[in-house]
Amino acid sequence: MTLTLLVLPVVLFLLGFPVYVVLLCAGAVSVVAVMDTPALIIHQRMYGGVENYALLAIPFFIFAGELMHRCGVSQRLVIWILAVLGRVRGSLGLATIFSSTLMGAVSGSSPATVAATGKTLYGDLVKSGYGRPFSLGLITSSGAVAVVIPPSIAMILYGASAEQSVPKLFIAGVLPGLLISAAMALYVVLWKASRTHRREEARDTVTGGEWPLGAATVHASGALLMPLVVLSGIYLGYFSPTEAGGVACLYAALLARLVYRTLSWREILDAAADSALLTAQILVIVASAAVFSWVLTVAGLPQALFQWVADSQFTAVTFLLVTNAILLLLGCFIDPSSAILVLTPILLPMVVALGIDPIHFGIVMTVNLSIGMFTPPFGLNIFVAQSVLGVDLADVYRGLVGFFLVQTGALLVITYVPSLSLWLVQFV
Amino acid sequence: MRRLHALARRLLGLLLIAMVVLNVANAAGRYLLGAAIPGSDELMVFAMVWVVFVGALLVTVDDGHLGFDLLSRTLPPGGARALHVLKNLTVALLSGYVAIQSWAVLQKLDRVGQRSMATEIPMTIPHAAVFVGLGLTCVVALWLALRRPGAAQGSGRDGAERA
């Protein structure tokens, strides 16, 4: 069993096999070669893995995010944030962080956020004296907040995998997401202040000039209203997260076609087709992970780990520290969706045994994996920034060091102050 | 192949739009008319199952599945080609085997005449998505493994770009 459940998947993964093939192969070979079970179970687990109402929110939020991304929302959000910030020192750096946070609330996709804010702000950041490495580090790491800010695909997957409430996970992610944004903002302001000594030097240059707050708010109102409609609909009890996803799609399509008039019906269909393929990319891993985690369960791994934690001297503090280290490392290699699907069934019994709240653990896991999105050498956002902005990888790597340390500091606070995640949950 | 891919991609897009319409109509019906559309949740889930398995087939054609694709970038052309063939033959073998199991499940479901609870659709319809998706993935992976090296590049977009 060690060979089929540990050695085989690790070898296939390192050889570059798709994650779904790694999981399905390990599960199927275990069923056929080791277990005394009819192989029909492979089909049953795969089908059962995706025949889940809770997962319906994923294609809907992906589609809504794709529409918002394509209809030019990021430019409007940046203009509004700059109007709100006025002439604050480091306003352009702050706009990068806050527009990424808002894009996260609108699209839920970290790479899409990096692409959108990067295209909009990179040139102005460099012109305003932030330098290439710092600007790239800022854009690449700010995009990771989108994984934590609701609606979050990673949280929907964790909720389905750990059988936890998605609305509770969404609300639990709000304060940690804002904490990360605030920590990044403080770092940017201090960095800018340390490099500019005169007030005039500290002013940032913005393409398109400055907008009055009222006009900028009207200009961005369509985009700003979307997260309000979605989240208030869920928490006021009007609709479930899945229905909220559908409403978000309708809202985004009407906004793009009838209000902004930036997308034709054909382009909306094209966005739907791309969203369907992206959904398939993620959910086929869910189907394969269902086979793999079933084999793990039948093999008794979760029970053995549960017993091991119960027998050992592990405390919640040390467990969370070790888990953070492992997740940060894995996050550099695996995308958050795959990591959550593989690791949740393994880690959850230990979490429960140690008395850690599963909602809090879901947030810790999500934040960890969001940091992995920009951790060198293989964080996905790094390659998105490289491809969208046509920059040197070495510049991106150099710029990321400070932001990695800031977000890891925020992660430690989120890990060891559970009330930060759980305080808002009590109101749901 | 390209035309079929484009057609299937567009059909999946239409299916996703239909799911959105059904979802919103269901929520609206509950508030405006006091009644949800019977069986709508079931229909949406079945549609999603088809989107996943047919979509995964198209992503295979595009070579866009998520993975840690570092080794093939560092290998010399001969090694990268060998790895490409090995990957696709493994995918073909695996998906072919699971498709055979799916066929057996479909026959079983057909024999007992199992239907869904709300809409009473034969359960062979949603389950067939696994058979169709993986059966065709087997064929496509064999084709990808056996075609000439020059044609192996540029068939689609990188998965990381979309993720």
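Where is Pro151(A) found? I looked there first. Pro151(A) sits in the loop between helix H9 (145-148) and helix H10 (153-162) of chain A. The model is predicted, and I kept that in mind throughout.

**Backbone entries**

I checked the peptide bond between Pro150(A) and Pro151(A). That bond is cis, with omega about -5°. I then turned to phi. Asp63(B) is not a glycine, yet its phi is positive, about 55°. I traced Asp63(B) to the loop between helix H2 (40-62) and helix H3 (71-74) of chain B. I noted both cases because most residues other than glycine have a negative phi, and most peptide bonds are trans.

**Interface of chain A and chain B**

I looked up the contact counts. Chain A brings 61 residues into contact with 62 residues of chain B. The buried area between the two chains is about 5500 Å². Carbon and sulfur atoms give 75% of that area. Next I asked which three residues of chain A supply more than any other three. They are His43(A), Leu277(A) and Gln281(A), with 13% of the area that chain A buries against chain B.

**Salt bridges**

I searched the whole structure and found nine salt bridges over all chains. Across the interface of chain A and chain B there are three. I looked at Arg9(B), which forms a salt bridge with Asp270(A). Their closest N and O atoms are 2.8 Å apart.

I also looked at a pair in chain A. Glu66(A) and Arg70(A) meet through their side chains in a salt bridge, at 3.0 Å from N to O. Both belong to helix H4 (residues 57-70) of chain A, and they are four residues apart, so about one helical turn separates them.

**H8 and H21, chain A**

I took helix H8 (residues 132-142) of chain A against helix H21 (residues 393-416) of chain A. Their axes are 7 Å apart and the packing angle is about 55°. H8(A) and H21(A) are therefore oblique to each other. The crossing is right-handed. I listed the residues in contact. From H8(A) they include Arg132(A), Phe134(A) and Leu138(A). From H21(A) they include Asp395(A), Arg398(A) and Phe403(A). By class I have seven nonpolar, five polar and three charged residues in the contact of H8(A) with H21(A).

**H13 and H14, chain A**

How do helix H13 (residues 213-235) of chain A and helix H14 (residues 241-259) of chain A cross, and at what angle? The angle is roughly 160°, and the axes come within 9 Å. Angles over 145 degrees count as roughly antiparallel, and H13(A) and H14(A) are therefore roughly antiparallel to each other. H13(A) passes H14(A) in a right-handed crossing. Among the residues that meet are Leu225(A), Met226(A) and Val229(A) in H13(A), and Ala244(A), Val247(A) and Tyr251(A) in H14(A).

**H16 and H18, chain A**

My last pair was helix H16 (residues 301-311) of chain A and helix H18 (residues 336-353) of chain A. They pack at about 30°, with axes 8 Å apart. H16(A) passes H18(A) in a right-handed crossing. H16(A) contributes residues including Leu305(A), Phe306(A) and Trp308(A). H18(A) contributes residues including Ile346(A), Pro349(A) and Met350(A). I sorted the contact of H16(A) with H18(A) by class: 11 nonpolar, no polar and no charged residues.

Terms used:
Residues are numbered from 1 along each chain as its sequence is written. Chains are lettered from A and ligands numbered from 1 in the order in which they are written. This is a predicted model: local features need pLDDT of at least 70, side-chain atom pairs count only at pLDDT 80 or more; totals for chains, interfaces and linings use all residues. Side-chain values use heavy atoms; hydrogens and water are left out. Axes are lines fitted to C-alpha atoms, for helices over the stretch in contact, and angles run from 0 to 180 degrees between N-to-C directions. Helices (H or I, at least four residues) and strands (E, at least two) are DSSP runs, numbered from the N terminus. Angles under 35 degrees count as roughly parallel, over 145 as roughly antiparallel, 65 to 115 as roughly perpendicular and the rest as oblique. A crossing is left-handed if the near helix is turned anticlockwise from the far one by less than a right angle, and right-handed if clockwise. Contact means heavy atoms within 4.5 Å. Ala, Val, Leu, Ile, Met, Phe, Trp, Tyr, Cys and Pro count as nonpolar, Asp, Glu, Lys and Arg as charged, and the others, Gly among them, as polar. Buried area is the accessible area (1.4 Å probe) that two parts lose on being put together, summed over both. A salt bridge is a side-chain nitrogen of Lys or Arg within 4 Å of a carboxyl oxygen of Asp or Glu.
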